[in-house]
Amino acid sequence: MNLAARALPLKHGDIVLLSDKEFPANVYPWLMLRDQGITVEMSRCTQQGWPDEEHLLERLRDPKVRVLAVSFVQFSNGYRADLKKLGAACRANGTYLVVDGIQGIGNSVLDVAETPVTSSRAAVRNGCCLPGARIRLRAQRAGADARTRSHELDGVRRTDDFSRLTEYNPTFRADARRFEMITLPYQDFVG
């Protein structure tokens, strides 16, 4: 979430829309943007404590809403968001859909070919992959506009060919690998 919050091209006056009662990891990175003049709006929940998707859809009509950050599955009550419907509304408004998938990826299907997710995260502690591994998805839609704050070896072009490592070319990759901060644990993936 920190990566999405820092990389997406947000500016003063933009709105990040969250559902109230989100897991803190899907709130704090967005709150840290307030000092840049970005408004973080917490949308109400239903009486059952679920995200009020109808209200979210209504708010997505506002062109100032640049990000909708929601959980695929809510940590506190198991509510599963209708990402197809929310994603279609985000696409229509030009809004980035950032999904906290940590409670759902691995036990539910999230087809990113069908749902226009800009960014999603999941981690091993919730049973979706090997120890130490992380999943990060970046849709191509945000790739060209996303800001990268640091240069790392795996984030730039031509570093797959170790014979050319000293042909220094600080041009970022065009895909999500531009955000790689470490060498991936390939041995874990084989396992």
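Which polar atom lies 2.8 Å from the backbone oxygen of Val65? In this predicted model, the backbone oxygen of Val65 is approached at that distance by a polar atom of the side chain of Thr95. The model is predicted, so local features are given at pLDDT of at least 70 and side-chain atom pairs at pLDDT 80 or more, whereas totals for chains, interfaces and linings use all residues. Residues are numbered from 1 along each chain as its sequence is written, and side-chain values use heavy atoms, with hydrogens and water left out.

The chain contains 6 helices and 6 strands, where helices (H or I, at least four residues) and strands (E, at least two) are DSSP runs numbered from the N terminus. From the N terminus on, the elements follow the order α-β-α-β-α-β-α-β-β-β-α-α. Of the 191 residues, 44% count as buried; buried denotes under 20% relative accessible area, exposed over 50%, and partly exposed the range in between, with a 1.4 Å probe and protein chains only. Among contacts (heavy atoms within 4.5 Å) between residues at least 6 apart in sequence, 60% join residues at least 24 apart.

Strand 3 comprises residues 65–71. Because 7 of its 7 residues are buried, strand 3 is largely enclosed by the rest of the structure. Pairing of two strands requires that DSSP find at least two bridges between them. Strand 3 pairs in the parallel sense with strand 1 (residues 15–19) over 4 bridges, and the bridge partner of Leu17 in strand 3 is Leu68. Strand 3 and strand 4 also run parallel, joined by 5 bridges, and Val70 stands opposite Val99 of strand 4.

Ile15 belongs to strand 1 and counts as buried at 8% relative accessibility. Ile15 and Val67 are 52 residues apart in sequence, yet their C-alpha atoms are 6.8 Å apart in space. Beyond its neighbours within four places in sequence, Ile15 is in contact with residues including Thr39, Glu41, Arg59, Asp62 and Arg66.

Helix 4 spans residues 83–93, and its buried residues are Leu83, Leu86, Gly87, Cys90 and Asn93. Seen down the axis of helix 4, these residues fall within an arc of 130°, so they line one face of the helix; the arc is that of the directions from the helix axis to the C-beta atoms. An α-helix has 3.6 residues a turn, so residues three or four places apart point the same way. The buried residues of helix 4 pack against helix 3 (53–59), strand 3 and strand 4 (96–100). The face turned away from the buried side carries the exposed residues Lys84, Arg91 and Ala92. Helix 4 is followed by Gly94, whose phi is positive, near 75°.

Thr95 is located in the loop between helix 4 and strand 4 and is buried, with a relative accessible area of 0%.

Arg66 lies in strand 3 and its side chain reaches the backbone oxygen of Gly94 at 2.6 Å. Residues touched by Arg66, apart from those up to four places away in sequence, include Leu10, Asp14, Asn93, Thr95 and Tyr96. Arg66 is buried yet has no salt bridge, the nearest side chain of opposite charge being that of Asp14, 4.4 Å away. Here Lys and Arg count as positive and Asp and Glu as negative, with His and the chain ends not counted, and a salt bridge is a side-chain nitrogen of Lys or Arg within 4 Å of a carboxyl oxygen of Asp or Glu.

The structure holds 6 salt bridges. One of them joins Asp52 and Arg44 (3.1 Å, N to O); Asp52 is buried, with a relative accessible area of 14%, whereas Arg44 is partly exposed at 49%. Another links Asp62 and Arg59 (3.3 Å, N to O), and Arg59 is buried, with a relative accessible area of 17%. Salt bridges that share partners join Glu41, Arg59 and Asp62 into one network.

Technical notes: A polar contact is a pair of N or O atoms within 3.5 Å; within protein, one must be able to donate a hydrogen and the other to accept it, and residues adjacent in sequence count only if both atoms are side-chain atoms.
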